[in-house]
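Me: I am new to this structure and would like to understand the words used to describe it. Please set each value against its definition before drawing a conclusion.

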Amino acid sequence: MTSAMHAQPAEGWQLEDNAAEAYERYLVPAIMTGWADQLLDLAALQPGERILDVGCGTGIVARRAAARAGAGGRVVGIDLNEGMLAVARRASSSRPGVEWRQGNATALPLPDGAFDAVFCQQMLQFVSDPPAALREMRRVLAPGGRAIVGVCRPVEHAPAYVALADALKRHAGPEAEAMMRSPFPSWSVDDVRALLGAAGFARVRVRIEVGAVRYPSPLEFLRREAASSPLAGPIGALDAGARAALVQELGAALSHRADDDGLALHIETYAAIGYR
């Protein structure tokens, strides 16, 4: 075991109280910023364009899109979760230029044809009706506009998360396992293409993106994932012994991914684009 695998004991950790703030602190720099830039590059944004970020979370896509759209552009971020929007507003306070709004992806409170580009990063798999959300994205696009969607590939393309889900099942129960697997829908390239096509999008293209993510230790991998998600509940309810056993099992399962700086993991996503 490398030195990076020796972290504070599991019984000594603390989960953050605010999942949205933890999401912005941990997942945005580790994963979401790189994925946001991939989607923005795929969209080939132009200065002055009107941009919507659906399910914006803490707003990384919208914030980075605003820099590309420039002063003549318009950027709106919309999310159902007011806690996420509160963090988004704080994170963008030094660089205003995004309009933050609360709303449902399946019934966007926005007029027809109002945007040139609509983004949806790591949200579509959580919507109760993904086809309805995609139809709404198409509705608010101007003719010739494009929707750009990022979503995780099935969990087997992120082996560390399989190990985490399996360990959670054994130590925290099937509900915690299901939470860990929920960001990873079973969709194939053809499934993603078909979803956009059925919503009326044309010239649909789907790319597989392979990314890397680092964590200082197995303990921090677990702690940061838990703090940034509903996993905080079931993991926080574990006693010290169960939590220590969970961390030990996770460390053993990921020992082949450890180096002197911690854990080096990979995760695959889809980046899709379709035109109105």
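Me: How many salt bridges does a search of the whole structure find?

Reply: The search finds 21 salt bridges, where a salt bridge is a side-chain nitrogen of Lys or Arg within 4 Å of a carboxyl oxygen of Asp or Glu. This is a predicted model, in which local features need pLDDT of at least 70 and side-chain atom pairs count only at pLDDT 80 or more, while totals for chains, interfaces and linings use all residues. Residues are numbered from 1 along each chain as its sequence is written, and side-chain values use heavy atoms, with hydrogens and water left out.

Me: Why is the pairing of Arg 63 and Glu 24 called a salt bridge?

Reply: The N to O distance between the side chains of Arg 63 and Glu 24 is 2.9 Å, and the definition asks for a nitrogen and a carboxyl oxygen within 4 Å, so the pair counts as a salt bridge. Side chains of opposite charge can pair when their charged atoms come close.

Me: How do you know whether Glu 24 is buried or exposed?

Reply: The relative accessible area of Glu 24 is 18%, and buried means under 20%, exposed over 50% and partly exposed in between, with a 1.4 Å probe and protein chains only, so Glu 24 counts as buried. Arg 63 is also at 18% and is therefore buried. Leaving aside neighbours within four places in sequence, Glu 24 is in contact (heavy atoms within 4.5 Å) with Pro 29, Thr 58, Arg 63, Val 87 and Ala 91.

Me: Which residues are linked with Arg 68 in a network of salt bridges?

Reply: The network links Asp 37, Asp 41, Arg 64 and Arg 68. Within it, the side chains of Arg 68 and Asp 41 meet at 2.9 Å, N to O. Arg 68 lies in helix H2 and Asp 41 in helix H1, so this pair ties together parts that are 27 residues apart in sequence. With a relative accessibility of 32%, Arg 68 counts as partly exposed.

Me: What makes helix H8 largely enclosed by the rest of the structure?

Reply: Of the 10 residues of helix H8 (residues 218-227), 9 are buried, so the helix is largely enclosed; among them are Pro 218, Phe 221 and Arg 223. In helix H4 (residues 130-139), the buried residues include Ala 132, Leu 134 and Met 137, and their cover includes strand S1 (50-54) and helix H7 (189-198).

Me: Why is Thr 269 called buried?

Reply: Thr 269, which lies in strand S8 (residues 262-275), has a relative accessible area of 3%, and this is under 20%, so it is buried. Leaving aside neighbours within four places in sequence, its contacts include Trp 35, Val 151 and Ile 208.

Me: How do you know that the radius of gyration agrees with that of a compact globule?

Reply: The radius is taken over C-alpha atoms, and the globule rule is 2.2 Å times the number of residues to the power 0.38. For 276 residues a compact globule would have a value near 19 Å, and the protein chain has 19 Å, so the two agree. Buried residues make up 54% of the 276 residues.

Terms used: Helix = DSSP H or I, 4+ residues; strand = E, 2+ residues; numbered from the N terminus.
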